[in-house]
Amino acid sequence: MSFTQHLIHKYQEAWRQTQQHPFVQELGAGTLDRNKFRFYMVQDYLYLIDYAKLFALGAVKATDLKTMGEFATLLHAILHEEMGLHRSYAAQFGISEKELEQAEPSPITLAYSHYMLHVAQNGALAELTAALLPCMWSYWEIGCMLKQIPGAAEHVDYGEWVRMYSSEEFGALAQWCIGLMDRLAEGKSGDDLARLETIFVTTTRYETMFWEMAYQEQMWQVGVSE
């Protein structure tokens, strides 16, 4: 059993929560409230700004040119394809470029992205990969799962989202990250592997928290923000 297979087996309950969340289920059924999706797109755009930095740091921490190049490819895909999808949706949902750029991150967006950046900046490439993997991997699985729902990939509002994350191109990027995690885990001590597991399951739980945040449109409590 590879290290990533071990992770999915051991943390199956936490992993499946991302797929079973009402936001994801309703998105696939085409019944998700448009305001919830609008809120999600703004917060995910802010998240992707920091998520992209992980891949830039990956290129810095990589020890060979091939891995550096793969991280550069992933960085380009996020900045120009994923964020391009968000900008397209922004126009469709009446979100101005100014609103995107000036939007305030939710507490969960801040906590999730700052945790990943902290891990990436203070750890080696293995820790960085463990932090970024749940987002890339779970989105690919969710995209493929939703594509099986009749009409989901053609839905007027959410079809483009399903098509992107179920695409062969996105799947190839996710599979590369999975393979990298397995290679980086080889030969690690028990303590090192336990640390990677903790990082992986933490960001997996953050994925579910992010869906919940979007579903509830959660921002700061009244009286806490300025």
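Which residues touch the most other members of the largest nonpolar core? Select Phe37, Tyr40, Tyr51 and Trp161: of the 82 residues in that core, these touch the most other members. A nonpolar core here is a set of buried Ala, Val, Leu, Ile, Met, Phe, Trp, Tyr and Cys residues joined through side-chain atoms within 4.5 Å. Buried means under 20% relative accessible area, exposed means over 50%, and partly exposed is in between (1.4 Å probe, protein chains only).

Before you click on, note that this is a predicted model, where local features need pLDDT of at least 70, side-chain atom pairs count only at pLDDT 80 or more, and totals for chains, interfaces and linings use all residues. Residues are numbered from 1 along each chain as its sequence is written, and side-chain values use heavy atoms, with hydrogens and water left out.

**Stop one: Phe37.** Show what surrounds phenylalanine 37. Not counting residues up to four places away in sequence, it touches Phe23, Leu27, Leu32, Tyr89, Phe93, Tyr158 and Trp161; contact means heavy atoms within 4.5 Å. In soluble globular proteins, nonpolar side chains tend to be buried together.

**Stop two: Val42.** Now pick valine 42, in helix H4. Helices (H or I, at least four residues) and strands (E, at least two) are DSSP runs, numbered from the N terminus. Valine 42 counts as buried because its relative accessibility is 9%. Ile95, Leu100 and Ala103 touch valine 42, again leaving out residues up to four places away in sequence.

**Stop three: the cavity.** Select Asp44, Tyr51, Glu82, Cys135, Met136, Tyr139, Tyr165 and Phe170, which line the largest cavity. Helix H4 (34–61) and helix H8 (125–147) are the elements that give two or more residues to this lining, and H8 has the largest share, with 3 residues. About 40 Å³ of space lies inside. On a 1 Å grid over the protein atoms alone, a cavity is a set of points where a 1.4 Å probe fits but cannot get out, and lining residues have an atom within 4 Å of a point. Grid points are joined across faces, edges and corners, and a volume is the space filled by probe spheres set on the points.

**Stop four: Thr129.** Stay in helix H8 and pick threonine 129. With a relative accessible area of 1%, threonine 129 is buried. Leaving aside neighbours within four places in sequence, its contacts are Phe71, Cys177, Leu180, Met181 and Leu184.

**Stop five: helix H10.** Colour residues 168–185 to see H10, whose 18 residues reach 26 Å from first C-alpha to last, close to the 26 Å expected at 1.5 Å a residue. That expected span is 1.5 Å times one less than the number of residues. Among the buried residues of H10 are Phe170, Trp176, Cys177, Leu180 and Met181. What covers the buried residues of H10 includes helix H1 (3–10), helix H5 (65–92) and H8.

Serine 106 is in the loop between helix H6 (97–102) and helix H7 (107–122). At 0% relative accessibility, serine 106 counts as buried. Beyond residues up to four places away in sequence, serine 106 touches Gln43, Met213, Gln218 and Met219. Then select glutamate 217, in the segment after H11. Its phi is near 55°, a positive value in a residue other than glycine, and at 35% relative accessibility glutamate 217 counts as partly exposed.

Note on methods:
On a 1 Å grid over the protein atoms alone, a cavity is a set of points where a 1.4 Å probe fits but cannot get out, and a pocket is an open set with protein on both sides within 12 Å along at least five of seven lines; lining residues have an atom within 4 Å of a point.
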